[in-house]
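Work through the exercises below with the structure in view. Try each task before reading its solution.

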Amino acid sequence: MIKDLLLNDITRGIKEGCKAGKLGQMTDTNNITLIVEKPKNPDFGDFAVNISSLAREAKMAPPMIANAISEYLKSEDYTVSIVGGFINFKVSDRLLAKNLKEILDKKSEYGRPAKINKEKILLEYVSANPTGPFHIGHGRWAAMGSALANLLKFYGHDVYQEFYINDAGSQIQKLGNSLKIRIKQELGENIDFPTDEAERKNYYPGDYLIPVAKKFLQEHEPTDDVKILSDYAKKEMEEKQKELLNGFRVHFDNFYSELDLHRSGKVDECVKKLKAAGKLYEKDGALWFKSSEYGDDQDRVIKKADGSNTYLTADIAYHIDKLNRGFDRLINIWGADHHGYVARVKASIEALGYNPNKLEILLGQLVNLVINGEEVRMGKRKNMVTLDDLIEEVGVDATRFWMEMRNIDTTLDFDIELAKRSTDENPVFYVQYAYARACSILRNAISEKLNPDTGEKTPAPMSEKELDELKNNFEPSIMDNRVKEGRKLLLKLEEFKSVISLSAQNRTVYTICRYVQELAAEFHSFYNANRVISEDKELMKSRLALIEGVRQILANALDILQVTAPEKM
């Protein structure tokens, strides 16, 4: 990355300056933290480093420090200028052309770092109860989680995606009782769900169980056995959830059953280990975990007075099982309402002798639906409550991109009408149109034109073989003296490496969405100002190489986001 090149050179310059005694009282360079950023005024250069933080130790004015360091910054790759405490860099056209060659050479591998501290990561997300359709909040976790998995894999990690099925507990019996009522209704009985709010909470009165009841009666004789009905309904809900996830381009490596976790004895085993370690005590007939010893705000019940386990008990066992399966890092995407669980789960991991820092929790905010500029409360608009309905309304691409384009810790306003528009205001359309436009330009370069007056074909500006040769054996020399108009675009292409690195390290997906929107804007601006297909063949070749670079980077980014890259629109 160009930023790494500049940072390495400036760090070397500081060390050389210290040795030569040109940086005042500064002698130690071990704790220096500098950031390469873009100047607010582009006239100053392409990159800038603020060295003002060195003034306290050096006991020198920042401009003097900057000038002293600049003496050691001699390179064919950039020129240097000093403005106050900033060292500004303008990179050479040769370096930008060299980076374009790297894009065209590496293709789908461009942006992947050569070496990282590779980890075996278990990424758990969605993990909904199998008691009904996914709501749009689940859709956000699904899109975010799958894109994050793609990002971390692209970065070089070994990523295993898991869905934790919450299929143990009273909710499954509620599901069976609800199906029982729907079956009786199908058989003509005059029965309905309770109207009393307290009693109604013991059922799932949604219409989604009606087709399940019809299917059950086609395959089985009527029964009042709630266990049979619960198992059947759970299986049907799980299959519908998996089908939707597959259509939403979300693919898990494993669906882990909470019920199987209990049956395996691992939950009881964790309780025994905590007890043996002296981390439990009895109070009011219940069994309490001393989680306050590990940073939680209070101790937590893990076994109730009636002998049943709490949700926390299974969560402890599940996370210990993850660690015992040999994963270096656990990443969970949870809703913000699970905030209180973070400290207690980490406490249990530490209490059982594991490193709690191996667990990362990404807490996500919910999604607000916006229709015609007004926020619509969830549940009020029936055809917009479920993820399935939202996808049907706006499509997979729009749903995924909109779900991914804001930081997970901020509430997302999903504008339904805007997401459906084929205009520049719709971010996903804007980015996809940039990709399609790049493909169109490349097609036009090798397409013969039909003269409407004579009916004769005009030879294509370039043969398909020539275009392939340009893309596969690009020589930076063809950019000589022709890169000026594309500098901003070339700089934006090179930025992809930094975006990938920072996004993977910070576990952010929205930064990639933002980047492709910025790249699309730079590309559209370049295209509107410059004619690519030209009689000047060398000029055309340099611009086509640039267009292919844009196409490739957009393809790489959209593949991570699992958003379609259409060749025609």
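This is a predicted model: local features need pLDDT of at least 70, side-chain atom pairs count only at pLDDT 80 or more; totals for chains, interfaces and linings use all residues.

**Exercise 1.** Find which strands stand at the edges of the open sheet of four strands.

*Solution.* Start with the strand order, which is S1-S2-S4-S3. The pairing is antiparallel. Now look at the ends of that order. Strand S1 (36-37) and strand S3 (78-83) each have a single partner strand, so one side of each is left without a neighbour in the sheet. Those two strands are the edges.

**Exercise 2.** Describe how S2 is joined to S4, and state which helix lies across S3 and S4.

*Solution.* Take S2 (residues 47-50) and S4 (residues 86-91). They run antiparallel, and four bridges join them. For a landmark, go to asparagine 50: it stands opposite phenylalanine 86 in S4. Next, turn to the helix. H3 (residues 62-70) lies across S3 and S4. Its direction is at about 160° to S3.

**Exercise 3.** Decide whether lysine 59 and serine 127 are buried or exposed.

*Solution.* Begin with lysine 59, in the loop between helix H2 (55-58) and H3. Its phi is near 60°, a positive value in a residue other than glycine. Exposed means over 50% relative accessible area. Lysine 59 has 55% relative accessibility, so it counts as exposed.

Move on to serine 127, in the loop between strand S5 (120-124) and helix H5 (136-155). Its phi is near 40°, also positive. Buried means under 20%. Serine 127 has a relative accessible area of 13%, so it is buried.

**Exercise 4.** Work out why helix H15 (residues 396-404) is largely enclosed by the rest of the structure.

*Solution.* Check the burial of its residues. Nine of the nine are buried, so H15 is largely enclosed. Among them are Asp397, Arg400, Trp402 and Glu404.

Technical notes
Residues are numbered from 1 along each chain as its sequence is written. Side-chain values use heavy atoms; hydrogens and water are left out. Two strands pair if DSSP finds at least two bridges between them. Contact means heavy atoms within 4.5 Å. Axes are lines fitted to C-alpha atoms, for helices over the stretch in contact, and angles run from 0 to 180 degrees between N-to-C directions. Buried means under 20% relative accessible area, exposed over 50%, partly exposed in between (1.4 Å probe, protein chains only).
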